[in-house]
Amino acid sequence: MGRAFEYRKAAKLKRWGHMAKTFTKIGKQIAIAVKAGGPDPDMNPTLRAIIANAKRENMPKDNIERAIKNAMGKDHADYKEVTYEGYGPHGIAVFVETLTDNTTRTVGDVRSVFNKFNGNLGTQGSLSFLFDHKAVFTFKKKDGLDMDELILDLIDYGVEDEFDEDEETGEVTIYGEPTSFSEIQKHLESEGFEVTGAEFTRIPNDLKDVNDEERATIDKMVERLEEFDDVQTVYTNMKPSAE
């Protein structure tokens, strides 16, 4: 397994929290996608990818359709993608991705958690060098698929030659450059692959060891951040537990 897969498998247990929170977060993603590219998934690849993720998270079809309809309303909030970066306790880097319609509220919420845990909130982009930003695609593996050939087709889009296969689900996960997200998605779809997940992620490139007590404190900080509806995802460079 690749480094990215191992990290994601260990870290995702706390990534999305409660199901209701997940649906709220996906609803905001849908709103941004609809505003940018329209409500028709067939004509809006970004929306199409988000819907695939929503289905992967077992979001009901009615919820998805309602989110699309609401996003078309005149009174719907305009959301911005804003990141917050800093150091939490024990020198652990913390990267927070948000979708917000009120940056004053969001930065206040995020700063309050950093302060509570004796952390330091830095400037935007200050810790980006500690995380590799990647586009991640998961799709059903077709019979007789030659992965080397597929990767060769996608290499111009910055897709890595390291990929992960899940024998239980029959799915393959590949990693590429974020700027090539649409091109990678179009290629997979044009080749007849069933894309079951398409998203962006940040993979720490310098993992830090912590003891059990330190891990518990950092986990509490992450959980507190994830309680806010504006917070989409929280990443750290804490080495995942071996459990």
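Q: What makes β3, β1, β2 and β8 an open sheet, and how are the strands paired?
A: In this predicted model, the four strands follow the order β3-β1-β2-β8 with antiparallel pairing. β3 (120-121) and β8 (231-236) stand at the edges with a single partner strand each, so one side of each has no neighbour in the sheet.

Q: How do you know that β2 and β8 are paired?
A: Pairing calls for at least two bridges between two strands. Strand β2 (residues 93-100) is joined to β8 by five bridges, and the two run antiparallel. Two of the positions can be looked up in the model: V96 stands opposite V234 in β8, and E97 has T233 as its bridge partner in β8.

Q: Why is β8 called largely enclosed?
A: A residue is buried when its relative accessible area is under 20%. In β8, six of the six residues are buried, so the strand is largely enclosed by the rest of the structure.

Q: Why is Y87 called partly exposed?
A: The label belongs to values between the buried limit, under 20%, and the exposed limit, over 50%. Y87 has 34% relative accessibility, so it counts as partly exposed. Y87 is found in strand β1 (residues 80-87). Leaving aside residues up to four places away in sequence, Y87 touches I92, A93, F114, G119, N120, L127 and L130.

Q: How far apart are Y87 and T236 in sequence, and how far in space?
A: In sequence, 149 residues separate them, while the C-alpha to C-alpha distance is 9.1 Å.

Q: What makes the phi of H90 worth a look?
A: Most residues other than glycine have a negative phi. H90 is not a glycine, yet its phi is positive, near 65 degrees. H90 sits in the loop between β1 and β2. Its relative accessible area is 46%, so H90 is partly exposed.

Q: Why is N58 called exposed?
A: Exposed means over 50% relative accessible area. N58 has 59% relative accessibility, so it counts as exposed. N58 belongs to the loop between α3 (45-56) and α4 (61-71). N58 is not a glycine, but it has a positive phi of about 65 degrees.

Q: Why is E171 called buried?
A: The limit for buried is under 20%, and E171 has 10% relative accessibility, so it counts as buried. E171 is found in strand β6 (residues 171-176).

Q: How do you know that E171 makes polar contacts with R56 and T196?
A: A polar contact needs N or O atoms within 3.5 Å, with one able to donate a hydrogen and the other to accept it. The side chains of E171 and R56 are joined by a polar contact of 3.2 Å. With the side chain of T196, the side chain of E171 makes a polar contact at 2.9 Å. Apart from residues up to four places away in sequence, the residues E171 touches include T138, F139, K140, K141, D164, E165 and D166.

Q: How do you know that the buried residues of α6 line one face?
A: The buried residues of helix α6 (residues 147-154) are M147, L150, I151 and L154. Seen down the helix axis, these fall within an arc of 100 degrees, so they line one face of α6. On the other side of α6, D148 and L152 are exposed.

Q: What do the buried residues of α6 pack against, and what is found at the start of the helix?
A: They pack against β4 (131-140), β5 (164-166), β6 and α7 (181-190). At the start of α6, a side-chain oxygen of D146 comes to within 3.1 Å of the backbone nitrogen of D148.

Q: What makes up the protein as a whole?
A: Its secondary structure comes to eight helices and eight strands. Of the 243 residues, 45% are buried. The protein exposes about 13,200 Å², with carbon and sulfur atoms supplying 46% of it.

Key
Residues are numbered from 1 along each chain as its sequence is written. This is a predicted model: local features need pLDDT of at least 70, side-chain atom pairs count only at pLDDT 80 or more; totals for chains, interfaces and linings use all residues. Side-chain values use heavy atoms; hydrogens and water are left out. Buried means under 20% relative accessible area, exposed over 50%, partly exposed in between (1.4 Å probe, protein chains only). Contact means heavy atoms within 4.5 Å. The arc is that of the directions from the helix axis to the C-beta atoms. Accessible areas come from the Shrake-Rupley method with a 1.4 Å probe; for residues, only the protein chains shown count as cover.
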